[in-house]
Amino acid sequence: MADKDPIVSLKDVEVNFNIRQGFIKEYILRDKKIVHAVDKINLDIARGEIVSLVGESGSGKTTTGRAILRLADTTAGDIIFNGESITGKKSKAWNREFRKHAQMIFQDPYQSLNPRFTVFDIVTEPLTLTNSDANLAEKEMLAIQALEFAGLRPAVDYLYRYPHELSGGQRQRVSIATCFIMAPEFIVADEPVSMLDASVRANILKLFVGLKEEKGASILFITHDLSLAWLISDHVAIMYMGRIVEYGPADIIAGGCLHPYSQALTSVLAMVGEKRRMKRIILEGETSSPVNLPKGCRFASRCPIAQQRCFEEDPEYRPIGEDHYICCHFPQPIGQLNDEED
Amino acid sequence: MSERLLEVKDLRTYFKITAGEVKAVDGVSFFLNHSESIGLVGESGCGKTTTALSTIRLLPDNGYIHSGQILFEGRDITNLPEKELRDFRWAQASMIFQGAMNALNPVQKVSDQIVEAILLHEKVTKRDALERVKGLFDLVGIDVKRVNAYPHEFSGGMRQRAIIAMALACNPKLVIGDEPTTALDVMVQAQIIDLINDLRHKLNMSMLMITHDLSIITETCDRIAVMYAGKIVEYGKTDVVVRKTLHPYTDKLIHAFPNIYQPRVMVESIPGDPPDLFNPPAGCRFNARCEHAVKGLCDCKEPPLVDMGGEHFVACHLRGGNQ
Ligand SMILES: Nc1ncnc2c1ncn2[C@@H]1O[C@H](COP(=O)(O)OP(=O)(O)OP(=O)(O)O)[C@@H](O)[C@H]1O
Ligand SMILES: Nc1ncnc2c1ncn2[C@@H]1O[C@H](COP(=O)(O)OP(=O)(O)O)[C@@H](O)[C@H]1O
Ligand code: SF4
Ligand code: SF4
Ligand SMILES: [Mg+2]
Ligand SMILES: [Mg+2]
């Protein structure tokens, strides 16, 4: 996080949502419920790096990504993009300009593409939305370039097909081409491979690495799969109930985590054909949604090493080493690596 | 009692569609011993669920078993009449269906849904069935106090536990789990894997586990069967198949998963797409995507599944010895 000139910088960002619970509860009983979907997070994304945001479902990953792209309103805090605060920015003109620089790729290749549009319509939609002055021939050229970059070759074979005529992997490539046609500097990719078979996802992952390495794009890669985060990113941020609980270089996933929650998550990873593994730390219960937050550490009720202080005092997010941040009073290694090579 | 609980021999299950037939399962053979677990792994659409549904004879209307045998404790169930099938399903073999935890009836108590399943298969009183459900809740780690809960009052993990309880309700010898952990978060997945392993030992039960995630199989299964385009291409003890892999497809599949304990190298995709089961290719079904394919052999002649010793089977012209 020492980068002096990050492309994105989140400062104590909060995103709350009101939960609808019906007239009586809300207006008569004045019982308002708030989800702290994102709760005071700090994160820098450097130019030309991939940061993975990892966590269980409901931990706030998507909301964080949406907040950065101004698709969700922040309740508090500030978001800096390219050196400028974008918090609260809304005007149509601003939005058109912003979309040229920042784009999002969604999780579900089956739902994110309009079934009545051809691949050409889909891929060139961002051009239309940003009032590009490209003519039809130019649009076709750009579409072809984007599709070929996304690995759909020859692109002309795909241009006038409909989404239902494509496989899941091919649809995800169309989404990537759509995002890439604007050559954005920054991309939020929300679980872009979680619906794909292992045998086809590698090529999609390579595209992201290619976007970073060849085009210098910065990417926030959202995933629940820790091994994929390890594989493709420079840094990882692990979220729990709206908080980033640990941030560090991607290789902390292979045994270098210090937050008890991250250690539990990484300890249950099994690698195919690998005898080495960490001593499993199985947490009891399940993660609840961040509605009624406890006074102290929100992980305390499940934490294997919680102490009295944890129940009383909310830990602060702080540096614990170079390039390594943590939100815990007592960070320490609690498991160990079992080296039973044969 | 013979060692074999289940033996599937050259099973072919087809679906009738307007344009013709989809050969979803096309010559599948494997076996499972008492109290063992086997994992069936393969890409989406390769025929895993269809194999499972054939095993408990619960195919959709347009599907039928074209040929082959499914021997359950030596008895062929492919031609069992519907009446006997009803006794067989649930009491002998039950299934945790793909996505079932999200298909619970939202307006009926979870416990009542399990009671109903019991009453459908056994002649017991409702009260006895409910008592059994309480015991099952306890067994799968749901607080018995939650016996009056509706599905939406359960977390995802608890719903999956309830589905497991339902599958165990009539004490089956074989439980089939179709992607039982796929939709769950990492930690809940680990809890369910522990529960399944624990139950298997407690109840001495056999299991057929279906998943596209190899790492889950290595955590839960004694044997592994790798399926590709309607066929088993490799089959054996999990450790042997994973560490002394023979089939080029298995090899590619294993290398599609990253390994955080090894140097960071990009995983590899398998080029091309799996073949269309409506019109499967001649020869080895993997030939168009296989880097070892031999022209004039692999694209013409189908490789048989051969035992390479130690109950390690492979179907490949190059790796399967000289046939
Ligand atoms: N009712 C049906 N009618 C026609 N074809 C079907 C039907 N059910 C399945 N198929 C086809 O049979 C093949 C095998 O399907 P199956 O559901 O067994 O795959 P699977 O391995 O379980 O896949 P997944 O991992 O996606 O669940 C596929 O080509 C599928 O499209
Ligand atoms: N539009 C919304 N309205 C109300 N609650 C929401 C909304 N979007 C997300 N949430 C809630 O915020 C929390 C974080 O959600 P999300 O960011 O989607 O998590 P993730 O992407 O990590 O699964 C969850 O409790 C979710 O239910
Ligand atoms: S602050 Fe305490 S309860 Fe929270 S993670 Fe650290 S040790 Fe555990
Ligand atoms: S039979 Fe031929 S094409 Fe098939 S897996 Fe073996 S070498 Fe490859
Ligand atoms: Mg999400
Ligand atoms: Mg299936």
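Which residues are the closest to ligand 3? Here are some friendly notes to read beside the structure, starting with that question.

1. **Ligand 3.** Keep in mind that this is a predicted model. Ligand 3 is surrounded by 13 residues, and the closest are C297(A), C303(A), C310(A), C328(A) and H329(A). Sorted by class, the shell holds eleven nonpolar residues and two polar ones, with no charged residues.

2. **Ligand 4.** Now move to chain B. The residues around ligand 4 include the cysteines C284(B), C290(B), C298(B) and C316(B). By class, the shell around ligand 4 has eight nonpolar and four polar residues, and no charged ones.

3. **Ligand 2.** Back in chain A, 13 residues lie around ligand 2, and those that come nearest are G58(A), G60(A), K61(A), T62(A) and T63(A). Look at the backbone here. A polar backbone atom of G58(A) sits 2.7 Å from an oxygen atom of the ligand. For S59(A), the distance from a polar backbone atom to an oxygen atom of ligand 2 is 3.2 Å. For G60(A), the corresponding distance is 3.0 Å.

4. **Two helices in chain A.** Two packed helices are described by the angle between their axes and the distance between the axes. The crossing of the two is right-handed. On the α7(A) side, the contact is made by G169(A), Q172(A), R173(A), I176(A) and F180(A). On the α8(A) side, the contact residues are N203(A), I204(A), L207(A), F208(A), L211(A) and K215(A). Together, the residues of this contact divide into six nonpolar, three polar and two charged.

5. **Two helices in chain B.** What is the angle at which the axes of α3(B) and α4(B) cross? Helix α3 (residues 110–121) and helix α4 (residues 126–140) of chain B cross at roughly 120 degrees, and their axes come within 9 Å. That angle makes α3(B) oblique to α4(B). Their crossing is right-handed. From α3(B), the contact is made by V110(B), S111(B), I114(B), V115(B), I118(B) and L119(B). From α4(B), the contact residues are K126(B), A129(B), L130(B), R132(B), V133(B), L136(B) and F137(B). The residues of this contact divide into ten nonpolar, one polar and two charged.

6. **Q108(B).** Where does Q108(B) sit? Its place is in the loop between β6 (93–96) and α3 of chain B. The side chain of Q108(B) makes a polar contact with the side chain of E116(B), at 3.0 Å. Leaving aside neighbours within four places in sequence, Q108(B) is in contact with Q113(B), E116(B), Y150(B) and P151(B).

7. **Two backbone details.** The peptide bond from R153(A) to P154(A) is cis, with omega near -10 degrees. P154(A) lies in the loop between α5 (136–149) and α6 (156–159) of chain A. In chain B, look for D10(B) in strand β1 (residues 4–17). Phi of D10(B) is near 50 degrees, a positive value in a residue other than glycine.

Technical notes: Residues are numbered from 1 along each chain as its sequence is written. Chains are lettered from A and ligands numbered from 1 in the order in which they are written. This is a predicted model: local features need pLDDT of at least 70, side-chain atom pairs count only at pLDDT 80 or more; totals for chains, interfaces and linings use all residues. Side-chain values use heavy atoms; hydrogens and water are left out. A residue is near a molecule or strand if one of its heavy atoms lies within 4 Å of it. Ala, Val, Leu, Ile, Met, Phe, Trp, Tyr, Cys and Pro count as nonpolar, Asp, Glu, Lys and Arg as charged, and the others, Gly among them, as polar. Axes are lines fitted to C-alpha atoms, for helices over the stretch in contact, and angles run from 0 to 180 degrees between N-to-C directions. Helices (H or I, at least four residues) and strands (E, at least two) are DSSP runs, numbered from the N terminus. Angles under 35 degrees count as roughly parallel, over 145 as roughly antiparallel, 65 to 115 as roughly perpendicular and the rest as oblique. A crossing is left-handed if the near helix is turned anticlockwise from the far one by less than a right angle, and right-handed if clockwise. Contact means heavy atoms within 4.5 Å. A polar contact is a pair of N or O atoms within 3.5 Å; within protein, one must be able to donate a hydrogen and the other to accept it, and residues adjacent in sequence count only if both atoms are side-chain atoms.
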